[in-house]
Every structure is written in structure tokens, then in C-alpha cells.
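Please keep the model open while reading this note.

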Amino acid sequence: MDGSMNHGGMQMNQTMGMSKKKMMMHMSFYWGDSATVLFHHWPGDSTGMYILSLILVFVLSVFVEWIGHCSIIRADSNHVAAGIVRSIVHTVRVGLAYLVMLAVMSFNGGIFIVAVLGHGLGYFVFGSQVFMKTDKNKTLPDLGC
């Protein structure tokens, strides 16, 4: 049936030339290595490619956190140039974060878990300041405003 709900998913007809091809789009979380993440037929039905997609989403999530917490601008740099660089870095970070969001929207449970774990690990390493060296003589932390 066109556009009808079927076992937590929605079937859609896609006309390609003279033939019709049915696609399954999940509308609730599911488990398994048969998924479509970001691109048509990727990772497909291959377990190895599914594991690769899990690794890619995890690394991408960690990278999004790193980019959000890294400081690549020196304090004595030109304000206009610094603003342009910060804007470019922000744009790249938001674009990559949207890619992670679209991967999660595949509704695959494994993809969701590795995205959350990647963001969590990335924040722990880069954002929580657990690994930052501190000066023991300082009494108050620096304000990063």
C-alpha cells in the first residue's frame, strides 16, 4: 500500500523509469545491521560496513565535541580575522552535528547509542576540563568570556 504504516515503518513507492521499487523507512527504533545511514544503500546488509558506520558516527560525534571546545585563536590576534575563523569553525561544527543528527534519524539503535557515547566521551575529554593542567597557586578560575 502506498504511504501506509507497516510494522513500525512507512512504505514508499519510488518510481525509477518504468519499474517501481518499494523502500522501507523506519518510524521507530529498531536493532540490526541492516540499516541505511546518511546515504542510500549504505551501509547496506553487510555486517562489516555496519560496524564501519558505527565507528564513523562515533568518531564524528567525538570530533563535533572537540571542534566545539578547541581554541585555535590566539589572544593577540586580529579581532576581525578571529571572528571569521570562529564563524567558519562554528559552521563546520554545526554541519557535522547535523550529519550526526541525520544518522540518528535512521532510527537504528546501534547508531543512536554510538552517537550518544561519542558525544559523551568527546565532552568528557575536551569539555569537562578533567585533563586540563591547573596552576596550584591560583585561587579563582579564569573566566572564558
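1. G122 lies in helix α3. Helices here (H or I, at least four residues) and strands (E, at least two) are DSSP runs, numbered from the N terminus. This is a predicted model, in which local features need pLDDT of at least 70 and side-chain atom pairs count only at pLDDT 80 or more, while totals for chains, interfaces and linings use all residues. Residues are numbered from 1 along each chain as its sequence is written, and side-chain values use heavy atoms, with hydrogens and water left out.

2. Is G122 buried or exposed? G122 counts as buried because its relative accessible area is 0%. The cut-offs are under 20% relative accessible area for buried, over 50% for exposed, and partly exposed in between (1.4 Å probe, protein chains only). Leaving aside neighbours within four places in sequence, G122 is in contact (heavy atoms within 4.5 Å) with V62, E65 and G127. From C-alpha to C-alpha, G122 and E65 are 5.1 Å apart in space, although 57 residues apart in sequence.

3. The 19 residues of α3 should span 27 Å at 1.5 Å a residue, and the end C-alpha atoms are 26 Å apart, so the two values agree. The expected span is 1.5 Å times one less than the number of residues.

4. Look next at the two ends of α3. At its start, a side-chain oxygen of N108 reaches to within 2.9 Å of the backbone nitrogen of G110. This is a polar contact: a pair of N or O atoms within 3.5 Å, where within protein one must be able to donate a hydrogen and the other to accept it, and residues adjacent in sequence count only if both atoms are side-chain atoms. Q129 is found in the segment after α3, and its phi is near 65°, a positive value in a residue other than glycine. Q129 counts as exposed because its relative accessibility is 56%.

5. Helix α2 can be checked in the same way. Its 26 residues should span 38 Å at 1.5 Å a residue, and its end C-alpha atoms are 37 Å apart, so this too agrees. N78 caps the N-terminal end of α2, with a side-chain oxygen 2.9 Å from the backbone nitrogen of V80. The buried residues of α2 are A82, L96, V100 and A103, and what covers them includes α1 and α3. M101, also in helix α2, counts as partly exposed because its relative accessibility is 38%. M101 and L38 are 63 residues apart in sequence and 9.7 Å apart in space, C-alpha to C-alpha.

6. The loop between α2 and α3 holds F107. Phi of F107 is near 65°, a positive value in a residue other than glycine. F107 counts as partly exposed because its relative accessible area is 26%.

7. Not counting residues up to four places away in sequence, L54 touches G110, I111 and V114.

8. One annotation comes from a record. UniProt, in an unreviewed entry, places the feature "transmembrane region" at residues 48–68. Its positions are given in the numbering used here, feature names are shortened, and annotations may be inferred rather than shown by experiment. In the model, residues 48–68 are 100% helix and 0% strand, with the end C-alpha atoms 30 Å apart.

9. Confidence should be checked last. The mean pLDDT (the predictor's confidence in each residue, from 0 to 100) of the chain is 78, and 74% of its residues reach 70 or more. Where pLDDT is low, the predicted coordinates should not be read in detail.
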